[in-house]
Each structure stands twice: as C-alpha cells, then as structure tokens.
Amino acid sequence: MGSVSAGLMQLRPVTFLYKPEYAAGHQSRQYGLIAEEVAKVYPELVQYVNGKPETVRYHLLDTMLLNEVQKQQQRIEAQAKQNRE
C-alpha cells in the first residue's frame with residue numbers, strides 16, 4: 001500500500017446527529033467523516049448519487065488505517081533501536 005494511506009491525516013473526524021427526517025426516535029451522537037471532504041482527498045472512498053458525494057465507504061478505511069499504524073510502529077521500533085545504540 002505504501003504511501004497511499006498518508007492522505008488519511010488530511011481527513012477531519014466529526015460528530016453529528018442525523019436530521020429528524022432520517023432518524024426515528026432517540027438520536028444518539030454519531031461519529032464519522034463528511035463525504036464532500038473525503039472526496040477531495042480520496043474520491044474512491046465515497047459513494048456518489050447523481051454525481052454528488054452521498055456517503056463515505058467506511059469499510060475501505062480499515063486497511064488504510066492499519067497501514068498507517070504499521071508504519072508508525074516501524075518508526076517507533078527504529079527510534080527505540082537508535083536510542084539503545
């Protein structure tokens with residue numbers, strides 16, 4: 001995957017409540033990303049309706065996040081080795 005996942009740091013996590021017309025009953029806080037913002041960085045992670053960003057394809061983020069965590073772990077291990085030396 002290499003550096004493909006580096007753009008994740010440009011994404012802005014948000015909290016929100018669904019509009020009443022989209023959620024019945026008690027509304028709980030939701031966590032996510034804004035599709036229009038994601039589309040600027042990763043258009044392939046967005047589901048489009050009539051050519052407009054509609055929702056984020058969250059299931060595709062897992063592997064990209066894992067890639068970034070693994071890269072960070074490699075940096076930590078390299079720094080720890082350097083500190084020991």
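**Reading the predicted model**

Modeller: Let's start with contacts: of those in the protein with a separation of 6 or more, 36% are between residues 24 or more positions apart. Keep in mind that this is a predicted model.

Biologist: Okay, and what pattern does the protein follow along the sequence?

Modeller: The pattern reads β-β-α-β-β-α, with two helices and four strands in the protein.

Biologist: Why is the protein called more spread out than a compact globule?

Modeller: Put the two values side by side. The globule rule gives 12 Å for 85 residues, and the radius of gyration is 17 Å, well over that, so the protein is more spread out than a compact globule. The C-alpha atoms fill a box of roughly 60 × 30 × 15 Å along the principal axes.

Biologist: What makes Glu-37 and Arg-12 a salt bridge?

Modeller: The cut-off is 4 Å between a side-chain nitrogen of Lys or Arg and a carboxyl oxygen of Asp or Glu. For Glu-37 and Arg-12 the N to O distance is 2.5 Å, so the pair is within the limit. This pair links distant parts of the chain: Glu-37 sits in helix α1 (residues 35-41), while Arg-12 is in the segment before β1 (14-16), 25 residues apart.

Biologist: How many salt bridges are there by this rule?

Modeller: Two. Glu-68 and Lys-71 form one as well, with their closest N and O atoms 2.7 Å apart. These residues are three apart in helix α2 (residues 61-84), so about one helical turn separates them.

Biologist: How do you know whether Glu-68 is buried or exposed?

Modeller: Buried means under 20% relative accessible area. Glu-68 has 8%, so it counts as buried. Lys-71, at 18%, also falls under the cut-off and therefore counts as buried.

Biologist: The structure holds one aromatic pair. What makes the pair of Phe-16 and Tyr-18 edge-to-face?

Modeller: Ring centres have to lie within 6.5 Å, and planes over 60 degrees apart count as edge-to-face. The centres of Phe-16 and Tyr-18 are 5.3 Å apart and their planes are at 90°, so the pair is edge-to-face. Phe-16 is partly exposed at 27% relative accessibility, and Tyr-18 is partly exposed at 43%.

Technical notes. Residues numbered from 1 in each chain as written. Predicted model: local features only at pLDDT ≥ 70, side-chain atom pairs only at ≥ 80, totals over all residues. Heavy atoms only, no water. Buried < 20%, exposed > 50% of the residue type's maximum accessible area, 1.4 Å probe, protein only. Phe/Tyr/Trp six-rings, centres within 6.5 Å; stacked < 30°, edge-to-face > 60°. Rg over C-alpha atoms; globule rule 2.2 N^0.38 Å. Contact = heavy atoms within 4.5 Å.
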